[in-house]
Amino acid sequence: MNSRQLPLDREELPPARQSSPVLALTAALLGFALITLDTSVVNVALPAVGDALGGGMSGLQWVVDAYTLPFAALMLSTGAFADRAGASRAYALGITVFTLASVACGLAPTLPALIGARVVQGMAAAVVLPASLALVRQAYGDPARRARAVAAWAAGGSVAVALGPVAGGALTTAWDWRGVFFVNVPVGAVALALLVRAPRSRRRPAPLDLPGQTAAVVALTALTFAVIERGTTGLVALAVAVAAVVTFVRVEARQAHPVVPPGLFRSRNVSVAVAAGAAVSVAFYGVVFVFSLFFQQVQGRSALQAGLLFLPMTGLIAVTNVVAGRLAGRYGARLPMLTGQSLAAAGALLLLCVDESTSPAVAAVLLVPMALGCALTVPPLTAAMMEAVPAERAGLAAGVLNSARQVAGGLAIAVFGALVSDGFTEGMRMGLGISAGVLAVTAAATVRLR
């Protein structure tokens, strides 16, 4: 790089937060918590949604995956969109659309209407997540302070995950399942109010790969459809998914600016972080989905009781996230990631002893090790991902990492739902075995993390 290029490179970097990085962090944390809340708050309300709108097991799976799929697939491009439009502008757009879509969910008269509104929610969430992380990345120039800020950002999502089952159960019991969506409105309004006082991010010329993005959306949707629906329809969907994957690979090989740059994965830290994030999502979201149904449909507990049974599992997650961030700052990402994945795998195996006769209190306690292992893993893998890329690529990196996590979570829900529909306890155990297996594989890969 010659001397004439340096001023241009510096000019392209997002401006420093001259007012207060804390303001940008607070706005980003609140938005991340909002979209994360909807990945957990709805699970406990699913039986009530089924009673009110019908649809059976496949309908309940689509209520979750209609949010998760566009959330996952579109983040491949929304990270670049956040860089192109400026993180603060993209964030404001995402929060606004998400809040309006939440109102539509709460007013939905039929299951198809609810699923359609959930799709819009997922699309908006895909914009919010990478934009919020990019805001944090741009607000803190010092690596040590940035690692702590990322840990605080992750803790915001963890608090939302912790509150989700309890809030979902309480709102469903005291009001109606529609309350789990209407609660998003005041939170979204506060996030927008905070953002108004934060300085805007500078725009960057980040190209969008629409053909690659389209192929990715088709592939993920078709694959999930194949898992949920099965039968002849599922086989057709599987064929479409395979064709879309082949198309995606070919399109990306010819693109000057692919939606997922192949060079991104030449970094070992990037590859390990993405794989570990996916494995954690398989275990966590799959287990929350299955045990939400287990407590209510198998053991006959109310929505509120089911939510409270998740409290031991989720209550310590935020604290663990903060501890994990400090451990990563002191010892690097490898130690807390390796410890966390090993603990989560052991926790998944421990849950294999749960069946219909298990005391709900015992099952609630047995959920704790798996959850703590996941919480110990996420902040250091996120920090490792952010440190492996330059600041101007933060939106793209955040999009790729969290897209992989959401894809894994969505597919886990589809697979776990299909397994339990043929026999709940045996299907649940198969899902737990899958979770332990993928965590063991990524824990082994983490040993080689730089």
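Residues are numbered from 1 along each chain as its sequence is written, and side-chain values use heavy atoms, with hydrogens and water left out. Because the model is predicted, local features need pLDDT of at least 70 and side-chain atom pairs count only at pLDDT 80 or more, while totals for chains, interfaces and linings use all residues.

Q: Which residue meets R118 in a salt bridge?
A: A salt bridge is a side-chain nitrogen of Lys or Arg within 4 Å of a carboxyl oxygen of Asp or Glu, and a search of the whole structure finds four of them. R118 takes part in one, with 3.2 Å from N to O. R118 lies in helix α5 and its partner in helix α2 (residues 21–53), so the pair ties together parts that are 80 residues apart in sequence; helices are DSSP runs of H or I with at least four residues, numbered from the N terminus. The partner of R118 is D38.

Q: Is D38 buried or exposed?
A: Buried means under 20% relative accessible area, exposed over 50%, and partly exposed in between, with a 1.4 Å probe and protein chains only. R118 has a relative accessible area of 1% and is therefore buried. Because the relative accessibility of D38 is likewise 1%, D38 counts as buried.

Q: With which side chain does the side chain of N184 make a polar contact?
A: N184 lies in helix α8 (residues 184–196) and, because its relative accessibility is 0%, counts as buried. Beyond four places in sequence, N184 touches residues including D38, F98 and Q121, where contact means heavy atoms within 4.5 Å. A polar contact is a pair of N or O atoms within 3.5 Å, of which, within protein, one must be able to donate a hydrogen and the other to accept it, and residues adjacent in sequence count only if both atoms are side-chain atoms. At 3.0 Å, the side chain in polar contact with that of N184 belongs to S102.

Q: Which residues are linked with D355 in a network of salt bridges?
A: The side chain of D355 meets that of R429 in a salt bridge of 4.0 Å, N to O. D355 lies in the loop between α15 (334–350) and α16 (360–366) and R429 in helix α19 (residues 424–446), so the pair ties together parts that are 74 residues apart in sequence. D355 counts as partly exposed because its relative accessibility is 22%. The residues linked with D355 in the network are E426 and R429.

Technical notes
Helices (H or I, at least four residues) and strands (E, at least two) are DSSP runs, numbered from the N terminus.
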